[in-house]
Amino acid sequence: MSITSRGFSSRAALFWFAAIAFGSGTVAALLLYGNIAQRKSESGSTVLRIVDINETTIDAAEWGKNFPREYDGYIRTADNSQARFKWSEARPPDDLESAAATDPHTGKADSKLVGDPRLKTIFNGYAFAIDYRERRGHAFMLHDQRETERVKQRPQPGACLNCHASNVVAYREVGIKNGAGGSLADPLTSESGQKQLFTGWEHVNHLSYSEATELVKHPITCLDCHDPKTMGLRVTRPAFLEGIAALAKSNDPVPHLPSIEQWRRGERKTPYNPNALASRQEMRSMACGQCHVEYYFKGEQKRLTFPWENGLKLDQMETYYDTVGWSDWTHKDSGAKVIKAQHPEFELWSQGIHARSGVSCADCHMPYKREGAMKFTDHQVQTPMAHVNLSCQTCHNYTETEIKSRVDQIQARNMSQLNRAENAVVDLINAIKDAKAAGATDEQLEKPRRLQRAAQWRADFINAENSMGFHAPAEALRILGESMDYARMGTTEVAKLGLTKPSAPATPPVAPATK
């Protein structure tokens with residue numbers, strides 16, 4: 001073969017190699033472009049729109065057809081990670097009999113009354129001494145309320161339905177039947193929609209629970225937090241709307257709720273309305289604060305009321321209760337008029353560093369997730385310790401082990417102090433009981449009973465609040481310190497009467513858990 005022929009052949013091979021390489025690169029670029037375009041399309045479309053959603057769509061399964069990722073998380077609240085520092089796991093290590101026991105009323109092993117027998121003394125005479133179980137996921141909220149012995153053995157009002165069911169449509173239907181104008185097709189936040197909601201709520205509050213629960217079929221669903229047209233967050237509970245408006249009129253600083261501070265600086269012509277004024281980030285906590293709060297049933301109408309007229313701090317709520325003369329029951333042993341704390345997560349969180357830093361409930365308990373190009377909120381509402389990488393490490397540059405260790409340390413310290421506070425409260429109850437048996441008069445026991453009310457309210461506040469102090473560690477320890485102080489002051493006041501010998505102290509505190 002000649003030199004000329006070999007040169008031509010080499011140039012031809014080089015040409016075809018370059019052509020193939022260019023063609024392959026072009027195909028790869030087109031495939032990459034197609035993938036990028038598909039992902040961009042996915043990220044821009046958050047709704048499948050398979051079914052129409054409106055103000056009467058209660059069943060979350062229907063919403064799930066349009067929002068399958070969110071619905072998948074919602075139904076998984078039936079399988080949440082086990083809570084940490086549960087009372088049913090807090091028995092003294094040598095108390096094998098108690099560790100194997102079940103609640104005599106419920107036959108359940110998840111009873112706080114088994115894990116913490118002091119609660120039977122603390123709540124004596126009240127329904128919580130009959131049945132007090134561990135918290136479970138949102139999927140169980142309606143079932144657990146219907147099945148608790150507190151409802152079965154002690155009649156409760158329809159106001160209890162506020163936090164345990166999807167009740168927006170039920171309230172509106174009752175409202176329309178009782179004279180509110182408009183129809184269910186009206187937007188909830190419209191004037192007619194709000195009239196229906198409030199009128200129905202007022203009528204349901206004072207029904208018996210057995211009557212009220214027949215009005216609903218589902219636990220909390222999408223409609224309770226989302227506008228069906230815009231999917232924006234909204235407040236649907238009248239008690240919260242009234243409570244947050246009362247808070248706005250108070251002088252309590254709330255830097256973590258900037259829209260309230262802004263409203264205070266304005267003309268205040270209309271009451272503060274979170275649906276009109278709150279930011280999306282604020283709503284990511286307010287939607288939770290509709291239920292995770294302290295409350296009581298006001299008057300013969302059993303109007304569900306949040307005691308926020310003076311502010312969100314424990315002391316301010318206590319002042320409110322003292323002013324209106326409220327007590328949940330008269331203690332069977334001591335005769336003290338005492339308060340039962342509910343589930344004041346919103347109030348304690350409001351005193352903590354996370355709230356002050358602008359971190360919402362959803363940021364930790366419902367963090368953002370990604371599937372492909374889709375970014376969405378995880379609706380499996382549960383402890384942040386189940387997904388530290390999503391909830392904590394977005395802000396805290398520490399290892400998962402270190403973060404969990406810090407959380408455990410905070411909660412262990414609070415649990416240790418809570419043990420001591422409950423011991424002190426039980427000692428005071430027993431001291432008053434013994435003094436009564438020895439002939440002490442109501443006048444002589446008036447001060448010890450007032451101190452029991454203050455001490456028990458504080459210990460129960462931290463016990464009922466579901467973070468074991470983590471939402472505001474310093475505030476929680478302050479509250480528990482005051483609980484012990486008031487309880488020991490009360491025991492001293494009883495001793496000054498000189499009527500009885502001191503009773504044996506309550507069980508020594510359980511050592512704080514270590515991890």
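This is a predicted model: local features need pLDDT of at least 70, side-chain atom pairs count only at pLDDT 80 or more; totals for chains, interfaces and linings use all residues.
**Exercise 1. An arginine in a helix**

In which helix is arginine 264 found?

*Solution.* 
Step 1. Locate the residue: arginine 264 belongs to helix H13, which covers residues 258-265.
Step 2. The relative accessibility of arginine 264 is 14%. The cut-off for buried is under 20%, and arginine 264 therefore counts as buried.
Step 3. List the contacts. When residues up to four places away in sequence are not counted, arginine 264 touches Leu247, Ala248, Ser250, Asn251, Asp252, Pro253 and Val254.
Step 4. The side chain of arginine 264 reaches the backbone oxygen of serine 250 at 3.2 Å.
Step 5. Lysine 249 and arginine 264 are 15 residues apart in sequence, and their C-alpha atoms are 7.5 Å apart.

**Exercise 2. The protein as a whole**

State how many helices and strands the protein has, and what percentage of its residues count as buried.

*Solution.* 
Step 1. Count the elements: there are 23 helices and six strands.
Step 2. Consider burial: 47% of the 515 residues count as buried.
Step 3. Consider the contacts. Among those with a separation of 6 or more, 67% are between residues 24 or more positions apart.

**Exercise 3. Burial of a helix**

Determine how many residues of helix H15 are buried, and name them.

*Solution.* 
Step 1. Helix H15 spans residues 280-289, and seven of its 10 residues are buried.
Step 2. The buried residues of H15 are Glu282, Met283, Arg284, Ser285, Met286, Ala287 and Gly289.
Step 3. Because seven of the 10 are buried, H15 is largely enclosed by the rest of the structure.

**Exercise 4. Packing of H21, H22 and H23**

Determine how H22 is oriented relative to H21 and to H23, and describe both contacts.

*Solution.* 
Step 1. Begin with H21 (residues 400-437) and H22: they pack at an angle of about 155°, and their axes are 10 Å apart. Angles over 145 degrees count as roughly antiparallel, and H21 and H22 are therefore roughly antiparallel to each other. H21 passes H22 in a left-handed crossing.
Step 2. Identify the residues that meet. H21 contributes residues including Leu418, Val425, Leu428 and Ile432, and H22 contributes residues including Leu445, Arg449, Leu451 and Ala455. By class, this contact of H21 with H22 comprises 12 nonpolar, three polar and three charged residues.
Step 3. Turn to H22 (residues 442-464) and H23 (residues 473-496). These helices also pack at about 155°, with axes 8 Å apart. H22 is therefore roughly antiparallel to H23. The crossing of H22 past H23 is left-handed.
Step 4. Identify the residues of this second contact. Those in H22 include Lys447, Leu451, Ala455 and Phe461, and those in H23 include Ile479, Leu480, Tyr486 and Met489. Sorted by class, the contact of H22 with H23 has 14 nonpolar, two polar and four charged residues.
Step 5. Beyond four places in sequence, arginine 449 touches Ser334, Gly335, Ala336, Ile432, Lys436 and Asp442.

**Exercise 5. Residues with a positive phi**

Give the phi of lysine 302 and of methionine 468, and decide whether each is buried, partly exposed or exposed.

*Solution.* 
Step 1. Lysine 302 is not a glycine, yet its phi is positive, at about 55°. Lysine 302 lies in the loop between strand E1 (296-298) and strand E2 (303-305). With a relative accessible area of 34%, lysine 302 is partly exposed.
Step 2. Methionine 468, likewise not a glycine, has a positive phi of about 45°. Methionine 468 is in the loop that lies between H22 and H23. With a relative accessible area of 8%, methionine 468 is buried.

**Exercise 6. A histidine in a loop**

Is histidine 379 buried or exposed, and which residues does it contact?

*Solution.* 
Step 1. Histidine 379 sits in the loop between strand E6 (374-377) and helix H20 (388-391).
Step 2. Its relative accessible area is 18%, so histidine 379 is buried.
Step 3. The side chain of histidine 379 reaches the backbone oxygen of threonine 377 at 2.8 Å.
Step 4. Apart from neighbours within four places in sequence, histidine 379 is in contact with Glu70, Gly73, Tyr74, Thr77, His226 and Met366.

Notes: Residues are numbered from 1 along each chain as its sequence is written. Side-chain values use heavy atoms; hydrogens and water are left out. Axes are lines fitted to C-alpha atoms, for helices over the stretch in contact, and angles run from 0 to 180 degrees between N-to-C directions. Helices (H or I, at least four residues) and strands (E, at least two) are DSSP runs, numbered from the N terminus. Angles under 35 degrees count as roughly parallel, over 145 as roughly antiparallel, 65 to 115 as roughly perpendicular and the rest as oblique. A crossing is left-handed if the near helix is turned anticlockwise from the far one by less than a right angle, and right-handed if clockwise. Contact means heavy atoms within 4.5 Å. Ala, Val, Leu, Ile, Met, Phe, Trp, Tyr, Cys and Pro count as nonpolar, Asp, Glu, Lys and Arg as charged, and the others, Gly among them, as polar. Buried means under 20% relative accessible area, exposed over 50%, partly exposed in between (1.4 Å probe, protein chains only). A polar contact is a pair of N or O atoms within 3.5 Å; within protein, one must be able to donate a hydrogen and the other to accept it, and residues adjacent in sequence count only if both atoms are side-chain atoms.
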